[in-house]
Amino acid sequence: MKKLQADVCVVAAGLSGLAASITCAEQGLKVITIEKAKVTGGAASMGMGPLGVETRQQRMKGVNLTADEAFLKLMHYTHWMGNARLIYDYLRKAGDTIAWLEDMGIEILFQGGTLYTPERMRAFAQPEQTQHTVAPVNGGKIGPRVAATMTKRMTERMQELGVELLLETPGKKVIMKDGKAAGVLATDANGEEIEIESKVVILACGGYSDNIQMIKDNLGFNWGEDLFSFRIPGNVGDGLKMAWECGAAKSRMTMELMYQIPDNLNHFDLEGAFRQPLLWVNKLGERFVPEDCIGNTATMGNCILNQPGHTCFTIMDSDTLKYYKKKGVDFPGVQGTEVFDHFDAAAAAAKEEGYKYYFEADTIEELCEKTGIKLAGLQETLEQYNNDCDFGRDTVFNKDYHFLRPVRKGPFYALQSFIGAYGTLGGVKVDWKFRCIDKDWEPIPGLYSVGTDCCDIYGDTYPFIMPGNTMAFCLSSGRLAGEHVAEYINQ
Ligand SMILES: Cc1cc2nc3c(=O)[nH]c(=O)nc-3n(C[C@H](O)[C@H](O)[C@H](O)COP(=O)(O)OP(=O)(O)OC[C@H]3O[C@@H](n4cnc5c(N)ncnc54)[C@H](O)[C@@H]3O)c2cc1C
């Protein structure tokens with residue numbers, strides 16, 4: 001068996017693993033990072049960018065949220081359910097992390113501004129302006145996957161600092177000696193076993209979004225039936241299992257829930273077109289939310305969770321489609337204001353593909369037949385809703401009258417949404433130094449967990465009051481753990 005030696009073995013080179021590897025190397029430690037996939041970056045390469053607080057970019061736009069204020073906001077939002085010391089350290093680090101990324105040569109943008117949210121929902125739904133985005137390459141549009149530039153540059157930076165990166169090398173087991181982590185057993189790209197002897201092991205395996213059995217066992221969802229979350233190939237819970245095997249305690253396990261349509265990145269414009277304050281109904285044909293409150297995808301995910309089959313339908317008629325094509329959308333979202341310019345092409349592509357969740361029908365009866373919505377329920381809803389639209393007052397939910405558009409004239413268009421999630425959260429219990437702790441809260445010497453594997457700081461709902469939180473937590477947890485590891489080794 002091949003044997004290697006290092007001060008630190010980082011298991012995985014997703015966002016948190018990259019941050020931890022770079023930081024350990026910056027501290028002068030010899031680092032070997034092993035990554036299961038052929039490429040680095042994990043889920044992070046699909047995203048847009050991290051939260052920052054007190055950044056240069058925010059100051060330029062007059063955004064004065066402080067880390068102290070951000071801390072209290074998050075703690076109040078989560079009813080103080082997370083580890084306050086760890087969260088305080090994370091939020092204080094988050095702004096500096098933006099500058100740290102820039103020092104590596106990564107261009108970080110901050111647009112400021114927030115999506116429109118009705119006044120009555122602002123205290124809860126209106127986000128603070130914390131989302132920073134990685135600059136798109138070659139003048140492209142800000143959107144999904146721009147953050148791939150960041151993970152690519154972080155990988156280069158890590159190697160410039162002398163970190164040895166082994167791709168296609170999944171970590172299998174943490175070696176324990178005398179109660180301390182002492183290395184990792186892995187298999188290399190040829191399937192041969194290797195042993196990496198190290199003083200510290202940092203697990204950063206990105207949760208279990210691609211393990212539907214673990215999702216069922218721990219969260220109760222049936223993926224593909226009542227949950228359509230992103231699945232990152234290879235993120236199957238290895239970090240959790242390896243830590244638990246060494247005696248680490250379990251932390252609260254949740255998901256970063258939101259709502260989405262299945263395979264949404266391939267139907268991105270279609271999804272944007274229907275993420276509007278149109279008529280939203282459940283399978284019974286009943287309204288269940290003031291539709292001008294759909295701006296917060298996390299709380300809307302909870303709302304859909306309360307509906308039969310964890311699903312709902314957004315419906316518009318041909319007059320509304322005509323109106324949006326002419327005037328543009330009510331809620332721009334990440335797809336932008338011009339999303340209806342692409343509607344016909346997006347709808348045609350969905351039909352051609354046989355996409356099961358987009359519907360067109362000439363009559364309400366036909367729509368109910370195709371969607372499975374209860375006809376009597378929808379007819380009753382439409383009678384009231386259309387009446388309310390005529391009178392300019394929503395008598396059920398008091399939705400803003402600007403968005404009261406009747407559903408009367410066929411053809412009718414509908415899109416079915418489900419609960420989705422960006423990924424899983426939590427599983428490994430850590431202390432504020434990111435040391436894995438056992439059931440008696442004793443740290444397991446030399447064993448650390450970072451990123452989503454240990455992230456249980458959001459209470460029950462992802463805090464869109466401060467967007468960009470997950471990436472920022474992954475970056476900062478990697479950095480903070482790296483600093484604590486250096487202290488531990490130097491002692
Ligand atoms: C579509 C999408 C968009 C997103 N956009 C944003 C956004 O704009 N802002 C934001 O804050 N968050 C966003 N997120 C969430 C964010 O990207 C993730 O929370 C973050 O990347 C998680 O980092 P991580 O290091 O924990 O895991 P990952 O980045 O997923 O990395 C995990 C790595 O572990 C590797 N691995 C797994 N098992 C092993 C093993 N046994 N041995 C070795 N390697 C292993 C995997 O191959 C992977 O490379 C988004 C997520 C998705 C899916």
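**Ground rules**

I number residues from 1 along each chain as its sequence is written, and I leave out hydrogens and water, since side-chain values use heavy atoms. The model is predicted, with local features needing pLDDT of at least 70 and side-chain atom pairs counting only at pLDDT 80 or more, while totals for chains, interfaces and linings use all residues.

**Entry 1: the ligand**

I looked up what surrounds the ligand and found 36 residues. A residue is near a molecule if one of its heavy atoms lies within 4 Å of it. The closest are Ser16, Glu35, Asp238, Thr452 and Met471.

I then sorted the shell by residue type. It divides into 17 nonpolar, 16 polar and 3 charged residues. Here Ala, Val, Leu, Ile, Met, Phe, Trp, Tyr, Cys and Pro count as nonpolar, Asp, Glu, Lys and Arg as charged, and the others, Gly among them, as polar.

Next I listed polar contacts, meaning pairs of N or O atoms within 3.5 Å. A polar backbone atom of Met48 is 2.9 Å from an oxygen atom of the ligand. For Asn235, an N or O atom in the side chain is 3.0 Å from a ligand oxygen atom. Gly468 has a backbone N or O atom 3.1 Å from an oxygen atom of the ligand.

How much of the ligand's accessible area does the protein cover? The protein covers 95% of the 1,000 Å² that the ligand has on its own. I note that accessible areas come from the Shrake-Rupley method with a 1.4 Å probe.

Helices H1 (15-26), H8 (238-245) and H15 (469-490) each give two or more residues to the shell. H15 gives the largest share, 4 residues. Helices (H or I, at least four residues) and strands (E, at least two) are DSSP runs, numbered from the N terminus.

**Entry 2: helix pairs**

I took angles between N-to-C directions, from 0 to 180 degrees, with axes fitted to C-alpha atoms over the stretch in contact. Angles under 35 degrees count as roughly parallel, over 145 as roughly antiparallel, 65 to 115 as roughly perpendicular and the rest as oblique.

- H1 and H15 pack at about 30°, with axes 7 Å apart. They are therefore roughly parallel.
- H1 and H6 (residues 148-160) also pack at about 30°, with axes 9 Å apart. So H1 and H6 are roughly parallel.
- H3 (residues 67-77) and H4 (residues 84-103) pack at about 140°, with axes 9 Å apart. H3 and H4 are therefore oblique.

Most residues other than glycine have a negative phi, and most peptide bonds are trans. I looked for exceptions.

His79 is not a glycine, yet has a positive phi of about 55°. I placed His79 in the loop between H3 and H4.

Gly410 and Pro411 are joined by a cis peptide bond, with omega about -5°. Pro411 lies in the loop between helix H14 (375-391) and strand E13 (412-425).

Technical notes. A polar contact is a pair of N or O atoms within 3.5 Å; within protein, one must be able to donate a hydrogen and the other to accept it, and residues adjacent in sequence count only if both atoms are side-chain atoms.
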